[in-house]
Amino acid sequence: MSTSVQQQNRQHFDVIAAEWDDSPRRRELATGVAAAIAETLPLQAHWHALEYGCGTGLVGAALAPRLGRLLACDVSPGMLSVLAGKARAAGLDQLQTRVLDLTSEPPPAERFDLIFSSMTMHHIPDVPALLRTFHGMLKPGGWLALVDLDTEDGGFHGKDVPGVMHHGFDRIALQDDLRAAGFVQTGARTAHTVSRTADDGRVSHYPVFLITARA
Ligand SMILES: C[S@@+](CC[C@H](N)C(=O)[O-])C[C@H]1O[C@@H](n2cnc3c(N)ncnc32)[C@H](O)[C@@H]1O
């Protein structure tokens, strides 16, 4: 099951990669997320960080100047290609990209001070398994920052987006999963709220959480 879900994700995001950054809603969300992470965590200029599900790097490119090295990982080569072009143009030498799917591949050998992931966990079939993998990839005391939707009714993506495995997450339950995976000092806050207007003019608000924890 996991393989076909990730093939769907790869194909879907490869197709939309070139237009991903055109959306003001996505750019605003990423700006809010990057600011929330920078306010919440004691980012250090010597940190070696990994972003999981980086997409075109709307969050990662904003945080990279605050970090020593950033390995930006995604299942979609198309999304990574957009990010690599932006990083080159901006002279972000500390940022490297890598195709990586931790649901079907072993983690990199190196250990990280920080792993962060924005709006990707809802594409992951087995979230507790990925949290255990993240824990093993962090240095002792290293930080994890997870950003995603609070539990919603499915209206955020609608019916047309493939590979959506979760309609958001319950913050308490996700922190329980983090502790079960070995994390400590878990905390949660709202990073941003996305507002969407339906065809009938009805406006829906989707809060996006930032959950942090330490290995
Ligand atoms: C909703 S987009 C978010 C992209 C980016 N984080 C942002 O905030 O703009 C989800 C991203 O997760 C990636 N993704 C989905 N499943 C993945 C997996 N199993 N491993 C790595 N990346 C995955 C997709 O390719 C896509 O780039």
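1. Read along the sequence, the protein follows the pattern α-α-β-α-β-α-β-β-α-β-α-β-β, which comes to six helices and seven strands. Helices (H or I, at least four residues) and strands (E, at least two) are DSSP runs, numbered from the N terminus. The model is predicted: local features need pLDDT of at least 70, side-chain atom pairs count only at pLDDT 80 or more, and totals for chains, interfaces and linings use all residues. Residue numbers start from 1 along each chain as its sequence is written.

2. Overall dimensions. The radius of gyration of the protein is 16 Å, close to the 17 Å that the globule rule gives for 215 residues, so the protein is as compact as a globular protein of that length. The radius is taken over C-alpha atoms, and the rule is 2.2 Å times the number of residues to the power 0.38. Along the principal axes, the C-alpha atoms fill a box of roughly 50 × 40 × 35 Å.

3. Of the 215 residues, 40% count as buried. A residue is buried if 20 or more other C-beta atoms lie within 10 Å of its own, exposed if 12 or fewer, and partly exposed in between, with C-beta atoms placed from the backbone. Among contacts with a separation of 6 or more, 70% come from residues 24 or more positions apart. Here a contact requires the C-beta atoms of two residues, placed from the backbone, to lie within 7 Å.

4. Strand 2 (residues 69-74) is mostly covered, with five of its six residues buried. Strand 2 pairs in the parallel sense with strand 1 (residues 48-52) over five bridges, and A49 stands opposite L70 there. Two strands pair if DSSP finds at least two bridges between them. Strand 2 is also joined to strand 3 by five bridges, and these two run parallel; L70 stands opposite L95 in strand 3. Strand 2, helix 4 (residues 77-90) and strand 3 make a right-handed β-α-β unit. Right-handed means that, with the strands pointing away from the viewer, the path from the first strand over the helix to the second runs clockwise.

5. Strand 4 and strand 5 (residues 138-149) pair in the parallel sense over six bridges, with S118 opposite V147 in strand 5. The chain crosses from strand 4 through helix 5 (residues 127-137) to strand 5, and this β-α-β crossover is right-handed. Strand 5 is also joined to strand 7 (residues 203-214), by seven bridges in the antiparallel sense. In that pairing, the bridge partner of L146 is I211 in strand 7.

6. Ligand shell. Of the 22 residues around the ligand, F13, G53, G55, V75 and S76 come nearest. Helix 1 (2-16) and helix 2 (24-40) are the elements that give two or more residues to this shell. Helix 1 gives the most, with three residues. The shell divides into 10 nonpolar, nine polar and three charged residues. In this count Ala, Val, Leu, Ile, Met, Phe, Trp, Tyr, Cys and Pro are nonpolar, Asp, Glu, Lys and Arg are charged, and the others, Gly among them, are polar.

7. T103 is partly exposed because 19 other C-beta atoms lie within 10 Å. P108 counts as partly exposed, with 14 C-beta neighbours inside 10 Å. T103 and V127 are 24 residues apart in sequence and 9.4 Å apart in space, C-alpha to C-alpha. For P108 and T190, 82 residues apart along the chain, the C-alpha atoms are separated by 30 Å.

8. Backbone points to check by eye. M119 has a positive phi of about 60° although it is not a glycine. M119 sits in the loop between strand 4 and helix 5 and counts as buried, with 21 C-beta neighbours inside 10 Å. Q185 likewise is not a glycine, yet has a positive phi of about 50°. Q185 is found in strand 6 (residues 184-197) and is exposed, with 12 other C-beta atoms within 10 Å.

Definitions and conventions
Near = placed C-beta within 6 Å.
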